[in-house]
Amino acid sequence: MTGIDPRGPRFTAAVTLVVLAAALLVPTPVAVVLVAVQALLFLVGVTLGVQRTPTGVVFRLLVRPRLAPPAGLEDPRPPRFAQGVGLAFTVVALAGYAAGADLVAQLAVGLALVAAVLNAVFGLCLGCELYLAGLRLTRRTAWRRRRAPACHDDRVTTDLAPVPAEALLVTVAPTGAETAKADCPQLPTTLEELVATAKECEAAGAAMIHVHIRDDDHRPTLDLARLTDTVQALREQTDLVVQLSTGGSVHDPLDARLRVLDAAPDSCSLTMGTTNFGDDVFSNPWPFVRDLYQLSQERQVVPEFELFDLGHVAALGRLLDRHGLPHGGRVHCDFVMGVPGGMPGTADALVAAVAALPPEVTSWSATGIGRTTLPVALAALSKDGHLRVGMEDVLTIRRGEPVASNRQLVERAVALGGLAQRRPMTTTEARALLGLGG
Ligand code: KMH
Ligand code: ZN
């Protein structure tokens, strides 16, 4: 789904305002013609989308080129629904005129006019609000009806192949940006090491890889050429879903983190707010979150929303409300728990966070940092969630014993999943889960 410039529907509403206001001022025979024309315009909006109405086309060809780029793009479905509401009012008006009930007709035109004024003048689209309210209501009902409230497929987009509930997505986060190679020589920091790890982890049951890269001195980098080479190498040598980190390290500037999408990964991480990160701050101000999200929509990169705190869960709801669904129509998020400064890595915190997820969410995974890795994994499985594991998040396999390899962590996640009667998801299923077409 491609987003649209929100000023287009507003322009269309302004034209509607003029047509409907005129219909209230002219004699009935002329009013009937005007309302019929407006009904036809609404019909086009419903069938083809508001951006393809004659006014939408005029906006795109003549108005938009004279304006600054939009602050963001919007989901075209709510305004399309609003066109349907407008159509209903104009049909009622035409029926009123036909029945000689001019007052009823004028009332219907008047109500449609009020909606057009609110949209054109104040940017408030009542039909869109109605659409979103309906969406929330139906999804909440579906959510409650589900035996397992956790994840999977049928709440948002029923047009994509469902993924069996027993399939467990295992994401491997093999490197991270916060551990030094000198402290952990088995950390994969070169491209060769990363690809070797990725292949091993895929064979062990991982279906997605969350990638941070390092420079020749093993330090975190967001160098675009390296990122592009990494995506290409992972695509050539594995079938894993390739997710690039846009979090980078706590020291990376926001503009460099935005540029990560230039490497065209399948997926990108997208953290929903700022978090204290030990002694540092992992900065994610709202404008950055919004810009990164809109860029992901434009570039058709599927985001994984990283949620370090309960406030991030609320922010995700706000983002989806304001800017629509991600590319692909699925909403996948990952709880990163136990970061010093974020939510604790406990079953209680996970239950609270899952309960607060917006209804648009179609799947989620969880990872616990350090010693919270096992409690979080077990709690996630008990809530039918998916798992992220890897040396980005934990460096010991048990108390006092360093992790030997990422494969070891993936194998453990697969074994835990097996106890919960979940089998590792294939990469094809992972693509379906995440809304990665093809
Ligand atoms: N390295 C952390 C500060 C992400 O990859 O998107 C941020 C992080 C999140 O790892
Ligand atoms: Zn990361």
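How many Å separate the centres of domain 1 and domain 2, taken over C-alpha atoms? The separation is 42 Å.

This is a predicted model, in which local features need pLDDT of at least 70, side-chain atom pairs count only at pLDDT 80 or more, and totals for chains, interfaces and linings use all residues. Residues are numbered from 1 along each chain as its sequence is written, and chains are lettered from A and ligands numbered from 1 in the order in which they are written.

**Domains.** Select 7–136 for domain 1, then 153–434 for domain 2; these bounds come from an automatic or database domain assignment. Six residues of domain 1 are in contact (C-beta atoms, placed from the backbone, within 7 Å) with nine residues of domain 2.

**Helix H3.** Next select residues 54–63, helix H3. Helices are DSSP runs (H or I, at least four residues), numbered from the N terminus. Thr55, Gly56 and Phe59 are its buried residues; buried means that 20 or more other C-beta atoms lie within 10 Å of the residue's own, and exposed means 12 or fewer, with C-beta atoms placed from the backbone. Seen down the axis of H3, the buried residues fall within an arc of 105 degrees (directions from the helix axis to the C-beta atoms), so they line one face. They pack against helix H1 (7–25). The face turned away from the buried side carries the exposed Leu61 and Leu62.

**Ligand 1.** Now show the 13 residues around ligand 1 (C-beta atom, placed from the backbone, within 6 Å). Ala177, Ser245, Gly247, Ser269 and Phe282 come nearest.

Notes. Helix = DSSP H or I, 4+ residues; strand = E, 2+ residues; numbered from the N terminus. Contact = placed C-beta atoms within 7 Å.
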